Amino acid sequence: MSDLAERIQKLRARIRRACEASGRDPARVELLPVSKRQPLALVREAAGLGFGRFGENYVQEGIQKAQEAPDLQFVLIGPLQRNKARPALEHFQEIMTVDRPELAERLRHLAAELDRVRPVWIQVDLWGEASKVGGCDESAAEAVFRALAGDPRLPVRGLMAIPPPEDAEAFRTLARLRDAWEQRQGQRLLLSMGMSADLEAAVAAGTDQLRIGTAFFGNRSI
């Protein structure tokens, strides 16, 4: 068994235990490998083990991988500036970090111009960490929803966040916000939170997606 296959096996066992402790079905929790600063050869090895979607933090790095591996899907999970919105829409299958109305409006304009359908997530920050990790507060999230205005080219899949580490209540707070937004928007919204160090708290709070880098790929090599 390769080192990657062994790490994935241990990670899946960890997720399974977390789901069992919370009475959840592991099949309902998506594992999104984060391939930031990992060589494409290792990403392709992961693809051979059954993974076809990968999270990338940096626009240019993700674009390069998407161009070299058009058979795989790459999702932008890092910050997006307006001047990089066009290449992001062209090369990423989803954009998970829409966190301000002006970015949402720019994406709408470009999606219409390019005739592209790209699911998006709204990145929220309820803890004043935006300067470090990005995201918007609850009132700004409402403005982002309005800016997207139900555009069929940019369907909102859910809320994404990077809660403070080792703060289980932060995960529960985000889950409650998601539930409130589901009622307000009248649509199902997924929740993406939890990384290598805190996946158990995220699973317990009800996350639908885990974004895992180190525990999946190991230490970054480039």
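Student: What makes the contact of Glu-182 with Arg-188 a salt bridge?

Tutor: A salt bridge is a side-chain nitrogen of Lys or Arg within 4 Å of a carboxyl oxygen of Asp or Glu. In this predicted model, where local features need pLDDT of at least 70, side-chain atom pairs count only at pLDDT 80 or more, and totals for chains, interfaces and linings use all residues, the closest N and O atoms of Glu-182 and Arg-188 are 2.9 Å apart, so the pair meets the rule. Salt bridges that share partners join Glu-182 and Arg-188 with Arg-178, Asp-179 and Asp-208 into one network. Residues are numbered from 1 along each chain as its sequence is written, and side-chain values use heavy atoms, with hydrogens and water left out.

Student: Why is Arg-188 called partly exposed?

Tutor: Buried means under 20% relative accessible area, exposed means over 50%, and partly exposed is in between (1.4 Å probe, protein chains only). Arg-188 has 47%, so the middle class applies.

Student: How do you know that Arg-53 and Glu-30 form a salt bridge, and what does the pair tie together?

Tutor: Their side chains meet at 3.1 Å, N to O. Arg-53 lies in strand β2 (residues 53-56) and Glu-30 in strand β1 (residues 30-33), so the pair ties together parts that are 23 residues apart in sequence. Strands here are DSSP runs of E with at least two residues, helices are runs of H or I with at least four, and both are numbered from the N terminus. Arg-53 has a relative accessible area of 19% and is therefore buried, whereas Glu-30, at 25%, counts as partly exposed.

Student: How many salt bridges are there by this rule?

Tutor: The count comes to 20. One of them joins Arg-100 to Asp-99, with the closest N and O atoms 2.6 Å apart. Asp-99 is buried, because its relative accessible area is 15%.

Student: What makes a set of residues a nonpolar core?

Tutor: Such a core is a set of buried Ala, Val, Leu, Ile, Met, Phe, Trp, Tyr and Cys residues joined through side-chain atoms within 4.5 Å. The largest has 62 residues, and those with the most contacts inside it are Ile-95, Leu-107, Ile-122 and Phe-216. Helix α1 (residues 3-22) gives the largest share of this core, six residues. A second, separate core of eight residues includes Leu-32, Val-75, Met-96 and Leu-190.

Student: Which residues does Leu-107 touch?

Tutor: Contact means heavy atoms within 4.5 Å. Not counting residues up to four places away in sequence, Leu-107 touches Leu-80, Ala-85, Leu-89, Ile-95, Val-98 and Leu-154.

Student: What do the buried residues of α7 pack against?

Tutor: They pack against β4 (94-98), α5, β5, β6 and α8 (168-185). The buried residues of α7 are Ala-141, Ala-143, Val-144, Phe-145, Ala-147 and Leu-148.

Student: Where is Ala-149, and why is it called partly exposed?

Tutor: Ala-149 is found in the loop between α7 (138-148) and β6 (156-160). Its relative accessibility is 48%, so it counts as partly exposed. Ala-149 has a positive phi of about 50 degrees although it is not a glycine.

Student: Why does Asp-115 count as exposed?

Tutor: Because its relative accessibility is 59%. Asp-115 is found in the loop between α5 (101-114) and β5 (120-123), and has a positive phi of about 55 degrees although it is not a glycine.
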